[in-house]
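Work through the exercises below with the structure in view. Each task is followed by a solution in steps.

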Amino acid sequence: MPDAAVAARSSETTDSGTTQQVDVAVVGAGFAGLYLLHRLRKAGFSAVVIEKAGDVGGTWYWNRYPGARCDIQTMDYSYTFDPELDREWTWSEKYATQPEILRYFAFVADRYDLRRDIRFGTGVKAANWDDASDRWLLTTDNGANISCRYYIMATGCLSTPKPPEIDGVKDFKGAIYFTGRWPHEGVDFTGKRVAVIGTGSSGIQSIPLIAEQAAHLTVFQRTASFALPAQNGPSPDDRKTYFEADRAAYREQARWSMAGVPYPQETAVSWQLSDAERRERFEKAWAAGDLVHILTQLWADQGVDVDGNALIGKLIHEKIRAVVKDPETAAALSPNDHPFGSKRPCLDTNYYTTYNRPNVTLVNLRQEPIKSITATGIVTDKRSVDVDAIVFATGFDAMTGAIMAVHPITGRDGKSLSSVWANGPQSYLGLTVAGFPNLFMITGPGSPSVLSNMAVSIEQHVEWVVDRLAALRDAGYTTMEATETAQAGWARHMADCSTVTLHRLANTWYTGANVPGKVQGLMPYTGGVGPYRSICNEIVSRGMLGFKMTGPNVAEQCNDGEVVRLQPDVRLVLGMLAEMNLPPFESLGAQGARDFLTEFNKGRPVGRPVGEVGTGMLQGAAGPLPYRLYRPATPGPHPIVVYFHGGGWVLGDEQSDDPFCRDICRRSGMIVVSVGYRHAPEHRFPAAAEDGYAATGWIAEHAAELGGTGEPVVVAGWSAGGNIAAVTCQLARDRGGPEIAGQLLICPVTDCTFDRPSYVDNANGYFVTRGLMYWFWDIYCSPADRTDPRASPLRGNLANLPPAFVATCEFDPLRDEGIAYAEGLAAAGVPVEQLQARGHFHSSLMMVDVVITGVGGRVKMAEALRAFAGLPPKLEERGAETPIKIDAAAG
Ligand code: NAP
């Protein structure tokens, strides 16, 4: 429907008795509610918006404290659905003030004539689903109740202030203010002694301005936040030029980006950069004054690896020390209990310099917690501070607060949302909840929401929901509801995503840790805006996967299932590989495929440094073979792992699994010798197998020269290399040595048949295909030789072999033969540990520093290698998978 027609058309609401009948009721007239109303009208729905406040603006209506501004550049924090609107409004600053943002919302409300369908000053007291009519009944605290087919919570993520859980607040005789509920008439602190409790974004924005007015300001800080100077002013030229060059492309890029702001994916890892290069990048980010820039553009590992992240913390500490004159205050302001970015960093204007003012005191609550608030001020363990006013900048009951706590919501069979969420919010996509038909949340828990540019996420949600409602209506359905399977799958996917990031290492409002008694768990979706959008689209293209739809005159539809079964980073990698449209390896010929692989490998992150990397020649079955040796940084001698690379007996060489060899050397503290065995078609079966065996013998014999501890050695291999490692163990047993202490087999080829279910289920789409495996086998081995245990070790005698660790991946054609080998070994009495990596494909455990969800598996592999070698378990130094100690929030 054209905009003009929408504006002219009144909503199709009727008043039947005391109940207003509408298609859709929306709670909240903020960013989301306003767009919803416009979009719903356009789609021909009657709608009403219920809003507690006296005007539009949502959280921006209430958050009027001094210094309140956006922390995403306002050029990006804007509606994009209407290019004309986009052109008509120009922000005056890089980060607009709260009054300007409110003016923007008023402008939007006027432009689309939205206010006539908004019931201001009205709250919902209860919402009940009625099965008989397939409608929601809303009881309001002002005017008619509402009956609606669809109920949409556009309540925002940060709209319910957290109560101050400090004893004695009621006794205080002075003035009390909440940053999240600031008086509309403003507050004059001139000549006043003021306390601010809380140093999150709201505290950090307001403290410098309050300090300029107050006679004295005392800041009570529990956790120091990372703050970055906003460098406010006009929109920066580089971003503006980029935007103006092609606005539509810019907006589209934002929609598919990770955070909802168009920045490229950084690929350089921290250890690839020199100190000077890292500093240069950091200084650029500091000067840019842009959270998304500093959170994404320094180095690729900054958000996923504790060590890569700690480098940033140190650089920011330097900045704080350079500004804050008193060393004790500087130290207290320097965050040291959470990784940078795991808690929302803040944008400030003159925050740190404020502590150089004579009228400002910082009280470090970690050293002297607040005991109580009294009639005259605040008492800590060490002092009593008399004040005239207290500002609580203590934050929000985030994400769930406004949905759950504000009014009871009762779904199917009388179930309340608060009981369903008693152990934390459950949702499908952060949009819907099983058991609550036709209830939608805009940017609810389980969606990217607060970890993204909210503007982009809100628009995506609104469009997805309204488009679904229109499709339902057109198909004759009256209800839409997430299934339990889909919801449980989403919870699993959320958990998988959260293991990739460092958010789990901080106590924050992202996890509910800021509200005493709230169930803790990471609430926003950490998989990124673009991936999330593609998942939502996939659900539609797969016939509304995970939703049940019913209607009076149509057959029920339920296409049940989980939308994402791959690990999140595996999904991205496979998506990127698919987009590259690579030719099948088998179409390139052996040499072409080798050249291609060499080129392809150049694009991956270089592995991390180890003590030393050396090369040499060893004696294979028929002549010298190259090897590459990775030595740990610790003093030797070290036990030796003989490693065989993957590549289907055709591709790869002693260098081709370099990042993995480095990783396993670092994690296990053992020497890794990667063997350049001979390849087919030049050297067909049994050349590779015999080389594996001969090389292992040579390495065991020359262990001392290589810096090793001598026999026994351990063998390891991936894919065809796993095949060679397994075969080597059988040959060593049968031919009288060398002694092998253990075998690590990663996605090994163990049998020559192609009929196990994993060959059928994962035949295509997961990089290693059935066709490729046919090709490898054909090149390596004649059909007559394939049942030889040196080609198919599963067909050999599995008794009396060294203990094994067998890793298999769910989406790998080779999965079932790996599992069969592990089971065969176990049945033959060999100690076996199995790792069945959920959501991984054949190569993903090897993709060091790309597939972060593979880290846990590689830690287990390294521990298995150490156990084989008789070494004690190693406590990993701070790695991505090692939780650092977190202090519980304490007042
Ligand atoms: P917040 O980040 O949750 O910060 C609350 C502060 O109060 C924290 O320092 C917290 O300490 C402290 N606190 C809470 N309860 C306390 C207690 N009982 N005793 C002592 N200290 C206590 O809340 P916020 O500053 O309002 O910001 C919330 C979010 O809103 C931001 O992260 C941001 O996403 C958004 N926001 C954005 C802007 C912007 O720049 N556009 C401005 C404001 C807010 P602990 O950390 O130890 O719990």
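**Exercise 1. The surroundings of W464**

Task: In this predicted model, which residues does W464 touch, not counting residues up to four places away in sequence?

Solution. 
- Step 1. Set aside the residues up to four places away in sequence; W464 then touches L429, L431, M480, C536, N537, I539, V540, M544 and F547.
- Step 2. In the largest nonpolar core, which has 78 residues, L429 and W464 touch the most other members.
- Step 3. Find the main contributor. Helix α16, residues 454–475, gives the most to this core, with ten residues.
- Step 4. Look beyond this core. Another core lies apart from it and has 66 residues, including L625, A689, Y759 and W777.

**Exercise 2. Helix α25**

Task: Which residues of helix α25 are buried, and against which helices do they pack?

Solution. 
- Step 1. Locate the helix: α25 covers residues 770–780.
- Step 2. List its buried residues: L772, M773, W775, F776, W777, I779 and Y780.
- Step 3. Look across from them. The buried residues of α25 pack against α20 (589–602), α22 (687–701) and α24 (757–761).

**Exercise 3. D691**

Task: Is D691 buried or exposed, and which residues is D691 in contact with beyond its neighbours within four places in sequence?

Solution. 
- Step 1. Find its element: D691 lies in helix α22.
- Step 2. Apply the cut-off. Buried means under 20% relative accessible area, and D691 has 0% relative accessibility, so D691 counts as buried.
- Step 3. Leave out the neighbours within four places in sequence; D691 is in contact with G620, A621, A622, L625, Y677 and R678.

**Exercise 4. The whole protein**

Solution. 
- Step 1. Count the elements: there are 27 helices and 30 strands.
- Step 2. Check the burial: 60% of the 891 residues count as buried.
- Step 3. Check the contacts. Among those with a separation of 6 or more, 74% join residues 24 or more positions apart.
- Step 4. The protein exposes about 33000 Å², and carbon and sulfur atoms supply 52% of it.

Definitions and conventions
Residues are numbered from 1 along each chain as its sequence is written. This is a predicted model: local features need pLDDT of at least 70, side-chain atom pairs count only at pLDDT 80 or more; totals for chains, interfaces and linings use all residues. Side-chain values use heavy atoms; hydrogens and water are left out. Helices (H or I, at least four residues) and strands (E, at least two) are DSSP runs, numbered from the N terminus. Buried means under 20% relative accessible area, exposed over 50%, partly exposed in between (1.4 Å probe, protein chains only). Contact means heavy atoms within 4.5 Å. Accessible areas come from the Shrake-Rupley method with a 1.4 Å probe; for residues, only the protein chains shown count as cover. A nonpolar core is a set of buried Ala, Val, Leu, Ile, Met, Phe, Trp, Tyr and Cys residues joined through side-chain atoms within 4.5 Å.
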